[in-house]
Amino acid sequence: MGKTEKLRKYRQCWESENWAKGWLREADADANKIGEAFCKICRSFLRAHLTDLQRHAKTKMHCEKMKKLNPQQNNQTVLSNTIIITNEQKELDLKLSLYVATHTSIKSIDHLGEILKVIGKKNNSLLSNLKLHRTKCSTIIKNVISPSLLEELILDIGTTPFSLIVDESTDVSVIKYLCLCVKYFSTKNLCVKIEFLSIIEVDKCTAEALNNHVCNYLKYIGLDISNLVGIGTDGANNLCGKHHSLFTLLKQKSPNLQIVRCICHSLNNALSKATEQFLVI
């Protein structure tokens, strides 16, 4: 007579195990009367044996169905290899990016970064893990350093009167830009400072368009246009014309606004007129 296998009882504690979470439960008594287990993913009955259940959890069909229900599991192997960047490494990337933004072109960081990495490996220093190239460097400058410097600049200006130095230009790709620099008295450094403020892409260079861009940008960064006391421009008519220009439109919002034309442009115009009158060829 053959040996009969003793049936084992289903244990509720298995459902809390990592290998069984989300798919294992006890079979319904009406559907199965011998106390088997049930896989909710594969819709199949299983013997209530620990080894059989663990073996089922590793089958190909079961794993594929689990991945469809939990897509994040596909990324677990990738996440396990993720490199954790320390605060010291972040500080190094910020310092190098700030150096590049101040003293050289962004493209040079590709070569500089590799040189520093080789030096770091010889000295077993923090530089050995340096991973900074122009894409990451430009992103740090644009999204981290620039907003931080702008915030400090706006706090330094505060509610004190300020002047704008304005010029518009067109680059080689025929895109028009408006460049803004700000001149103000710094209560922090107790001196008059001239700082770069922004470059704004514009669609048109008419007086109305430039006025809208300037007013909207000053409002966006939190500077009160009523504190604008001076504007410096070249001799372009759309910037400093007497009747309809950026200057006349801004003066409507800030009545005390004064204009200072570029000395070099003014001197060039004066000499051109003088040569027409006094030099005969």
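1. A residue is called buried when its relative accessible area is under 20%, exposed when over 50%, and partly exposed in between (1.4 Å probe, protein chains only). The model is predicted, so local features need pLDDT of at least 70 and side-chain atom pairs count only at pLDDT 80 or more, while totals for chains, interfaces and linings use all residues. Residues are numbered from 1 along each chain as its sequence is written, and side-chain values use heavy atoms, with hydrogens and water left out.

2. Overall make-up. The chain has 10 helices and 8 strands; these are DSSP runs numbered from the N terminus, helices being H or I of at least four residues and strands E of at least two. Of the 281 residues, 31% are buried. The accessible surface is about 19600 Å², and carbon and sulfur atoms account for 56% of that surface; such areas come from the Shrake-Rupley method with a 1.4 Å probe, and for residues only the protein chains shown count as cover. A contact means heavy atoms within 4.5 Å. Among contacts between residues at least 6 apart in sequence, 51% join residues at least 24 apart.

3. Helix α7. This helix covers residues 207-221. The expected span of a helix is 1.5 Å times one less than its number of residues. For the 15 residues of α7 that gives 21 Å, and the end C-alpha atoms are 21 Å apart, which agrees. The buried residues of α7 are Ala-207, Ala-209, Leu-210, Asn-211, Val-214, Cys-215, Tyr-217, Leu-218 and Ile-221. Gly-222 follows α7 and has a positive phi, near 95°.

4. Most residues other than glycine have a negative phi. Arg-43 has a positive phi, near 55°, and sits in the loop between β2 (37-39) and β3 (44-46). Its relative accessibility is 61%, so Arg-43 counts as exposed. Leu-190 also has a positive phi, of about 55°, without being a glycine. Leu-190 is placed in the loop between β5 and β6 and is exposed, with a relative accessible area of 64%.

5. The structure holds 6 salt bridges, a salt bridge being a side-chain nitrogen of Lys or Arg within 4 Å of a carboxyl oxygen of Asp or Glu. One of them pairs Asp-52 with Arg-55, with the closest N and O atoms 2.9 Å apart. Both residues lie in helix α1 (residues 50-57), 3 residues apart, about one turn of the helix. An α-helix has 3.6 residues a turn, so residues three or four places apart point the same way. Asp-52 is buried at 16% relative accessibility, whereas Arg-55 is exposed at 54%.

6. Salt bridges between helices. The side chains of Lys-136 and Asp-93 meet in a salt bridge at 3.0 Å, N to O. This pair links distant parts of the chain, 43 residues apart: Lys-136 is in helix α6 and Asp-93 is in helix α4 (residues 87-103). Lys-136 is partly exposed at 31% relative accessibility, and Asp-93 is buried at 4%. Asp-110 and Arg-134 form another salt bridge, at 3.3 Å, N to O. Asp-110 belongs to helix α5 (residues 109-123) and Arg-134 to helix α6, so this pair ties together parts that are 24 residues apart in sequence. Asp-110 is partly exposed at 21% relative accessibility, and Arg-134 is partly exposed at 41%. Separately, salt bridges that share partners join Arg-47, Asp-52 and Arg-55 into one network.

7. Ser-128. This residue lies in the loop between α5 and α6. Ser-128 is buried, with a relative accessible area of 16%. Its side chain reaches the backbone oxygen of Ser-125 at 2.7 Å. That distance falls under the heading of a polar contact, a pair of N or O atoms within 3.5 Å; within protein, one must be able to donate a hydrogen and the other to accept it, and residues adjacent in sequence count only if both atoms are side-chain atoms. Leaving aside neighbours within four places in sequence, Ser-128 is in contact with Lys-117, Gly-120 and Lys-121.
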